Amino acid sequence: MSPCKMWINKALTFPVSIGILSHPNLKSCNLLKPCAFKLYCNSSAPKTETLIMPLDETDVGIHCYISQLPGFRGVLKQRYADFIVNEVDTDGNVVRLTSLDAPSESVEEKKEKEEEKETETETETTYTSEIESFRLLAGDTDADLLKDFIHRIRTSGGGKDEISPIAVHNYFKANLKFLVTDTVDGPDSASKCIRVRQHSGGSENGRGSRKRKERGGKPFDSRGTDDWPETLGKFLRFNLFKENKDTQEALGVIGKMLGVQQRAFGFAGTKDKRAITTQRVTVFKQPVKKLASLNGRLIGIKIGDFCYVKEGLFLGQLQGNRFTITLRGVTADSEDTIKAAADSLGRSGFINYFGLQRFGSGSVPTHLVGAALLRGEWKTVVSMILDPREGDILLLSCSLRDIVKEAREYYKESGDIDGTLRKLPRYLVAETAILQCLKKCPGNYLQALKAIPRTLRMMYVHSYQSYLWNHAASIRVQKHGISQVILGDLVLCKEDSTEKVTEAIITECEDDNPIEAGDSGLLDEISGAAVPEEIVSSVKVVNSEHLLKGEYSIEDIVLPLPGSRVIYPMNDVAEIYHDLAKKDNINLTECVHSSKEFSITSMIGGYRRVFQKPIDFEWELLRYTDVNLPLAETDLDVITKSRKVNIGVEDFTNESSCKNHADNNTKRSEDFKTEYNNDIKDGAEEGLSRMDSICDSQPSQVALKLGLTLPSSCYATMAIRELLKTSTSREMVGATEEVELNRLENQVDNGGGGGWEYLCLVRKLKVRRSDKVLKHGLSILNDSKKRSKLGGEEWTLYEQVAIAAMDCQRTDIAMDCVKVLQKKFPESLRVGRLEGMLVEAKGSYEDADNIYEGLLEDNPLDQVIHKRRIAMSKAQGNISEAITRLNKYLEIFMADHDAWRELAEIYVSLQMYKQAAFCYEELILCQPTVPLYHLAYADVLYTIGGLENLQNAKKYYASTIDLTGGKNTRALYGICLSSSAIGQLTKGCNKEEKEGTELQSLAATALEKDYKKRSSNKLPLLTATLKNLKL
């Protein structure tokens, strides 16, 4: 039995409502005004929605791990080559770049030679009968002219007037299609001639020059030449290799060089930017030599392995991706810890959560926007997208940050759409589309939202589906463990071929058209291939008969993404969907508005595996000294070393030969890999040995290199999370940036330059290195040349240096910086905030409070000022005032977890336990799966005492054990204490407590086992304590 499952049936159910206190004394308390908690975005408080803290894993339901093994630390993506992604096509082949060259004799050259040969033959023999027929129609003179023209096909010619010009035109159109005719003026003004020319494939009469009836009803495609041989595939397929570029950016560069639009390209899915990736791409009607010639001009991009195919690629046409991931700077208690974790990942896999990428990287997560869309709050959604937000500082480069912020603030203050559009960068697609539509249709917010490209706007609703799925997956693991299928689980039927189905999602609105080509590249996460409807019907509910037969394993379990055609588990896991949706005022079975596109009931829905094992998993530990030494081989490395291999020439004129070429490339790629792996390994070891001999002072570091294949829509970051037991929200990304920050700091301190980059990174990471910021910031501000290069960023630096100076008690420097900013921005609230902070730093708290109070009158939703006033009250020791201000703050910003926790800790320090209990109840409502809150709440209830509180404390100690997998010693001891206290109060008369003796026994046994393992010398002390508690 798993540790999680051990406790789930032992703890009593939670109280009916932990948001309403049952203590009459607390209800009359004025220190904390009761308020109904509202989850994130809410129709009654739209102004607070853009003030959300950075997204954390727990915010989107990511809580659990499969294994209970300890994790370790490692740095991901220190180099681009540390994260290599190769697409896996629908046939299961790993896409690799094996050749950059076009064939020595291209298809075009072959085609031209064949056409020339055919033309010569046809001129001499084939058209003899046609010329004789024409002689009967037009006479000997014109027939001789035609014969001479065919021999001189490159020159223009004409004929004399003839009786029936229409018959001549029709004759050429029917019998000599390689020639075109038109009527022109003759030698004199009264005569007309029929001009005969070679068909050049050009356009004479407008776009395409082909009438609709001649195209067979098909729309004209302007992405390539219209003169394309029928025997040749219309799409040129190639492998795209890119470094530190996203797919759209790379194709944009290639398209610009070719002179074609991005819609001419097709691909199966977008790939990571901060990585080295290889994927298949198709382009419509382009010559291979033209593309191959781009390699010499492309930077960070290479293309190769060309062949022609009949069909272009579409989003979702892939089986998955092959990842080669290198974790550098790995530190753990021992190498055994790393090895055990890696083996466990390969053996048991990971929980198939939607990663944080699914929910956006901005300060307004996409699932919150999706929730507002499902509620039909169109105006609120527009505000969430357009309003100013502090989170933009974390996302944008220093040069763009102020531009976007200024544009948002300008629109908020003025409502000037034209002026905002001029200021807004073009890459902000959603914002631009909304504003352009509002300009045409003022006040029509629904229409403005529909102006956003379809793929992007549907991302919001899909994100909310993913948010519900993540929470459901966490509840399934927390309540029922990972060891077995239980009654009511949903599973994929064994008789169906579902090996390739990891995420069977059909999330498009039933009545809508497919995604347009122009929208397809915005996000790959919501653009999976259409899944047949039978996949939805291939899911069944596990019954007792299935359990007895043991037909299904844990790997078969799926959970639904809400929609009209899905079924929910027939157990308590289903409740989480409706409970969470209800908190967001969303009904999963009914639509509250008329827009089908933004309605759960108009979406089919789908299913996703809960547990995913990596395919073809392999790993190895490496040692290195030089951080610049690559530890993994890229496709381009292989090509560079294999120039001596003669790849040969292939015929690309048909799809079967193209497949043979692809198979040969795959074989050659494997041969190359086998041939050069040892060379690279030996070279790396030789390089390491050489560096060790030169730089003995540099310690050897450990790297973990992983190779794994994941189906499409699975997140490699979730696999790494399972391995490291570390959140992907801050720590893993922060570890990489922390390394870069330390490197830049050492470089700047040693006079190596990079001071501005260092200051930008400090600001981005929100770390407090005030002495360094003051030193390096002043060195830039005091140098007029350096300062002038900053442009608008100069004022950001003044602000940063001012705050650092206050931290270092250099109020004189801070005052100088603030004066400069006041002169430049006399009406700025932000500068006013700095002025208040400066006065506060001088110790003039009353004057600072007056400044802050004045600023709040103009902007009552300024979180920073509210928090400054709270901190100032605590600094003065005025705890009563701090409590009052915290309560006032929480009335406005109810979703600030940190504020609730700080208020709770203040109450505990003052022994105001009932008020502290209220705060922890709010925290549990907000984040029900965070064990820390359950434990703190149980401690408070135990301290308050009384039979009801002790019983509830025991329940929350049990829930803490459940959430931590049975590994919280404090909670185990809490159950023992609570049980003992309840026993003393009831003296064995409570029937409910008699039934709870098994839980007490389990807790005591688990405690003894834990002490025996961790601190056996203290086991007698524990035994004596438990004996005194009469357990």
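There are 13 aromatic pairs here, counting rings of Phe, Tyr and Trp (its six-membered ring) whose centres lie within 6.5 Å; planes under 30 degrees apart are stacked, over 60 edge-to-face, and the rest tilted. This is a predicted model, where local features need pLDDT of at least 70 and side-chain atom pairs count only at pLDDT 80 or more, while totals for chains, interfaces and linings use all residues. Residues are numbered from 1 along each chain as its sequence is written, and side-chain values use heavy atoms, with hydrogens and water left out.

**Ring pairs**
- W378 and F598 make a tilted pair, with 5.8 Å from centre to centre and 50° between the planes.
- W378 is in helix α11 (residues 378-386) and F598 is in the loop between α20 (573-583) and β16 (603-609), so this pair ties together parts 220 residues apart in sequence. Helices (H or I, at least four residues) and strands (E, at least two) are DSSP runs, numbered from the N terminus.
- W378 is buried at 15% relative accessible area, and F598 is buried at 1%. Buried means under 20%, exposed over 50%, and partly exposed in between (1.4 Å probe, protein chains only).
- W795 and F825 are edge-to-face, because their ring centres are 5.9 Å apart and their planes are at 90°.
- W795 counts as partly exposed at 23%, as does F825 at 31%.
- F354, W469 and Y715 are joined into a cluster by ring pairs.

**Charges over rings**
- K77 has its charged end over the ring of F83, 4.4 Å from the centre. The cut-off is NZ of Lys or CZ of Arg within 6 Å of the ring centre and within 35 degrees of the ring normal.
- R328 does likewise with Y624, at 5.2 Å from the ring centre.

**Nonpolar cores**
- The largest nonpolar core has 106 residues, and those with the most contacts inside it include I325, W469 and Y577. A core is a set of buried Ala, Val, Leu, Ile, Met, Phe, Trp, Tyr and Cys residues joined through side-chain atoms within 4.5 Å.
- Helix α17 (residues 454-480) gives the most to this core, with 13 residues.
- Another core lies apart from it, with 44 residues, among them I883, L903, A938 and A971.
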